Amino acid sequence: MDLLNTLVDKGLRRELPTREEALAVLATSDDDLLEVVAAAGKVRRQWFGRRVKLNYLVNLKSGLCPEDCSYCSQRLGSKAEILKYTWLKPDEASKAAAAGVAGGAKRVCLVASGRGPTDRDVDRVSETIEAIKEQNEGVEVCACLGLLSDGQADRLRSAGADAYNHNLNTSEGTYGDITTTHTYADRVETVHQAQAAGLSACSGLIAGMGESDADLVDVVFSLRELDPDSVPVNFLIPFEGTPLAKEWNLTPQRCLRILAMVRFVCPDVEVRLAGGREVHLRSMQPLALNLVNSIFLGDYLTSEGQAGQADLDMIADAGFEVEGAGTTTLPAHRAESGGCGSHDGGCAPCGEAPEEAAHGSPEVPAARTDLVAVRRRGAGTDLAPNA
């Protein structure tokens, strides 16, 4: 397929595809899916070999959020029956992090619900970062605390944070339909603050919220311009009790096409398969490892993931290997410069419109609501974590 050959060549050169090419990936048929995965896999292996980085989430403060993000089980007014608790103490968070590190995680992601941290919250998280670093040599720590105020990113960096996560989630044009208590521009500004402080930026998206193909391409192109080092791709978990509880729009094939498109647009970036993979990819998860080079180990913020050992078995069975602590994740040109340094536009369109599927759109299978399991173990409970 000429389209895929073009995209592979561009990915190996770190050249931005055209919007038409990105849209064409999302429009490919199920008959062409394996070719799409194989092509994007060539780009993934060029920059990351067969390594898979493991990340582990610690939910420092669950629920009780004043923001109204429609996708979130922790949102204002959520009726989802999730765990709710206030800040973990630094030693509690460090203990939770240690479980993930023992399971093979290279990065610990510290997340707290809320609009953004107070200065006292930053002090608390700084103590937690220091405790984790002291007890786990070589571990990376990423903070995800919401919108940052002036100087807070610098303080987190001084405490030992390596990265900061703040997702764009969806396109600028549709952001107001998802959240009203803050803006798309607020999110962009927080990522810029993290980058200015010397933190590795982590910013991604959520697919499956009813967005169009154009919306998906818009947000991924915006991420390419924003230039984070890692791009988490989440697939909406439609929690009962949230406004998007009925948005069961994804199939495993759709998820794979989205991941392939992200890889072609962000070829040398750590693309992370994040929340919702078990719910929407299901038995197709191993195939996604040909597209992403990073996953979360174990559970998520408010939902349970598959067993940590199952993740490790999946990686090995698919012919990949867990990335060791002594290995640099990013390619040398990104690790040295802090960015890919190649955002000067794409090229002429390939001239080919995507072919329509011969038999129309495939029927979406019945929603697997039985796969959504609310987290009841780990941080904030007396039960052992899943790692």
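Select Val 233 and look across to β8: the bridge partner there is Leu 273. This is a predicted model, where local features need pLDDT of at least 70, side-chain atom pairs count only at pLDDT 80 or more, and totals for chains, interfaces and linings use all residues. Residues are numbered from 1 along each chain as its sequence is written, and side-chain values use heavy atoms, with hydrogens and water left out.

β7 and β8 (residues 270-273) run parallel, paired over four bridges; strands pair if DSSP finds at least two bridges between them. Strands are DSSP E runs of at least two residues and helices are H or I runs of at least four, numbered from the N terminus. Right-handed means that, with the strands pointing away from you, the path from the first strand over the helix to the second runs clockwise.

Next, select β6 (residues 205-207), which is joined to β7 by three bridges, also in parallel. Ala 207 sits opposite Phe 235 of β7. The chain gets from β6 to β7 through helix α9 (residues 213-226), in another β-α-β crossover that is right-handed.

Stay on β7 and colour by side. Ser 230, Pro 232 and Asn 234 point one way, Val 231, Val 233 and Phe 235 the other, and all are buried (under 20% relative accessible area with a 1.4 Å probe, protein chains only).

Which residues lie nearest the centre of the largest cavity? Pick Tyr 71, Cys 72, Gln 74, Asn 167 and Leu 301, out of 43 lining residues. A cavity is a set of points on a 1 Å grid over the protein atoms alone where a 1.4 Å probe fits but cannot get out, and lining residues have an atom within 4 Å of a point. The volume is about 920 Å³, counted as the space filled by probe spheres set on the points, which are joined across faces, edges and corners. β2 (107-112), β3 (140-144) and β7 (230-235) each supply at least two lining residues.

Last stop: the second largest cavity, holding about 100 Å³. Select Tyr 56, Leu 57, Tyr 300, Arg 375 and Ala 379, which lie nearest its centre. Strand β1 (residues 51-61) gives the most to this lining, with four residues.

How values were computed. 1 Å grid on protein atoms, 1.4 Å probe; cavity = no way out; pocket = protein on both sides within 12 Å on 5 of 7 lines; lining within 4 Å. Buried < 20%, exposed > 50% of the residue type's maximum accessible area, 1.4 Å probe, protein only.
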